Amino acid sequence: MNRSSALLLAFVFLSGCQAMAPVSPDGSPPVEDSTPTPEKPKVYSSFSEETVFSLLSAELAGQRNRFDIALDNYVTQAINTQDPGISERAFRIAEYLGADQAALDSALIWAKNAPDDLEAQRAAAIQLARAGRYDDSMIYMEKVLQGKGDTHFDFLALSAADTDQDTRTGLMKSFDRLLQKHPKNGQLIFGKALLLQQDDEAEAALKLLERNPPEDGEVAPLLLRARLLQNLNRGKEALPLLEKSIKKYPDDKRLRLTYARMLVEQDRMEDAKVEFASLVQQYPDDDELRYSLALVCLEAKAWDEAKGYLEDLIARESHVDSAHLNLGRIAEERNDPQGALIEYAQVGPGNDYLPAQLRQADILMNNGRTDEAEKRLTAARDAEPDYAIQLYLIQAETLSANNQGDRAWKVLQQALLQYPDDLNLLYTRAMQAEKRNDLAQMEKDLRLIIKRDPDNAMALNALGYTLSDRTTRYAEAKVLIEQAHQLNPEDPAVLDSLGWVNYRLGNLDEAERLLRQALERFPDQEVAAHLGEVLWANGKQREARQIWKKFLKEQPESPILRSTIKRLTGSETL
């Protein structure tokens, strides 16, 4: 159904308006009454001629796709007449068009003039919540609750997720006030649990749900309990809860889908594959399930099965780009680079386009076909100019990763001539300049980024680390890294830099503390090399050797580990 037809269904003429030509009960034309009557204003049913004309104009405007006129007429008449039927129609049209303010205004008129209509009260509550007026929203929602109607306390709670803490605190007080009046209301309990979850009070939310088991047919609280258990690293308890619930509600798709996804999260891929396959069998037209099953097969390295499901999706014209991208990955896993290139080349613009371009470039360059890779990327920029900057970055970074730094540098110079103000291009050139030992260019580019974006933690950290590692400007480096740390206090790269500059300044204990945090958050060879060096300098050579040995097992050819070990011990082996 097209947009016009769908909206016209909402324009069925108001039930309050009577036919313009009356008929007698048996359908015969009425007998004409010749008795003169006093002249009076012309009305149709209870509406004036002006109102009816305005509503008819709205319908005609809707037929001509002038939804702005249709909405304006209905809202105007809702305000003028205060009629519940007109205001409801105005609300439905505004909601359909996504006109938030008109939807709120008309919902409030509808609720005011239809105080016993639970749907009107609920519509007003939801629109007020969308507008961030949570206290007002709760007043209307309580009317729905008192009328024994289905409320949307879950919507109120979920809509508060992106608000500030004061707003959520106020909403929580409103929930608690209503719970004192209705202590066993499942919808209130569920809404409060959602609010607790948003405030990182998962334990409290879980206990609330456990103390108040849902009534028969209420599945959402069970799903929330399972998710809370998973978030609290108690996923093994969540699975039996879901299994029991599935036995009780075997046809509930949400339960089975949550169960399947939780199996994936707990790395039970074979079990997840069975569950998703069962879901696809039960819901054969659901291509989201089919795509999920293909991804699970990929994780389980069941290449043939994954390939079959992905080809099914292409045949069904669903998830086509993602399917080609993943078929390319399967071809790479099977050492079929040409097959991979064929699949990646079929990925069109969208979320999967750039990953496909990156893989094509890397495959070609790895196979000595650099000129072809660059020609493809140039053609892609011409065909899709909206992706030009990202394609330049892919070209430069792939060239650099394949030991073709000079060509990467030329690409970046060309890109910056075309896009001189792009911060990503500047940052990439700065990193390339550092590799070329051109620290002056690197610093120039990074300081330009920081000037334009003073809160760019990545640029602050990169400049600070390079100054601490490649120069003796340690105090200046520390100021820059501390700025980055204030912006991203948990970033392991920043913690590594801060630890390293403290080491350079001779603050060994502080350096050790920070580098231990960095390695815990990001077990990386470079961080391990840094921490080992600090431990070595701090008289903890045995622990330093243990850390290096552990990471050498994972990356025996790591250049930074090998060079650090040789510099400090005089030997490349431990």
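# Close-up views of a predicted helical model

**View 1. Lysine 273 sits in helix H15.** Helices (H or I, at least four residues) and strands (E, at least two) are DSSP runs, numbered from the N terminus. This is a predicted model, in which local features need pLDDT of at least 70, side-chain atom pairs count only at pLDDT 80 or more, and totals for chains, interfaces and linings use all residues. Residues are numbered from 1 along each chain as its sequence is written, and side-chain values use heavy atoms, with hydrogens and water left out. Is lysine 273 buried or exposed? Lysine 273 counts as buried because its relative accessibility is 11%; buried means under 20% relative accessible area, exposed over 50%, and partly exposed in between (1.4 Å probe, protein chains only). Apart from neighbours within four places in sequence, lysine 273 is in contact with Leu293, Val296, Cys297, Ala302 and Glu305, where contact means heavy atoms within 4.5 Å.

**View 2. Helices H14 and H15 pack together.** Two packed helices are described by the angle between their axes and the distance between the axes. For H14 (residues 253-265) and H15 (residues 269-282) the angle is about 155 degrees, and the axes are 8 Å apart. H14 is therefore roughly antiparallel to H15. Axes are lines fitted to C-alpha atoms, for helices over the stretch in contact, and angles run from 0 to 180 degrees between N-to-C directions. Angles under 35 degrees count as roughly parallel, over 145 as roughly antiparallel, 65 to 115 as roughly perpendicular and the rest as oblique. H14 contributes Arg256, Leu257, Tyr259, Ala260, Arg261, Leu263 and Val264 to the contact, and H15 contributes Met269, Asp271, Ala272, Glu275, Phe276, Ser278, Leu279 and Gln282. Nine residues of this contact are nonpolar, two are polar and four are charged. In this scheme Ala, Val, Leu, Ile, Met, Phe, Trp, Tyr, Cys and Pro count as nonpolar, Asp, Glu, Lys and Arg as charged, and the others, Gly among them, as polar.

**View 3. Helix H18 packs with helix H19.** The angle between H18 and H19 is about 175 degrees, with the axes 8 Å apart. That makes H18 roughly antiparallel to H19. From H18, the residues His324, Leu325, Leu327, Gly328, Arg329, Ala331 and Glu332 meet Gly339, Ala340, Glu343 and Tyr344 of H19. The contact of H18 with H19 has five nonpolar, three polar and three charged residues.

**View 4. Helix H20 has buried residues that pack against other helices.** Tyr353, Ala356, Gln357, Gln360, Ala361, Asp362, Ile363, Leu364 and Met365 are buried in H20. The partners of these buried residues are H18 (320-333), H19 (337-344), H21 (370-383) and H22 (388-401). After H20 comes glycine 368, with a positive phi near 70 degrees.

**View 5. Glutamate 510 lies in helix H29.** Glutamate 510 counts as partly exposed because its relative accessibility is 32%. Tryptophan 500 and glutamate 510 are 10 residues apart in sequence and 9.7 Å apart in space, C-alpha to C-alpha. The buried residues of H29 are Ala511, Glu512, Leu514, Leu515, Ala518 and Leu519. These buried residues of H29 pack against H28 (492-504), H30 (525-537) and H31 (541-554).
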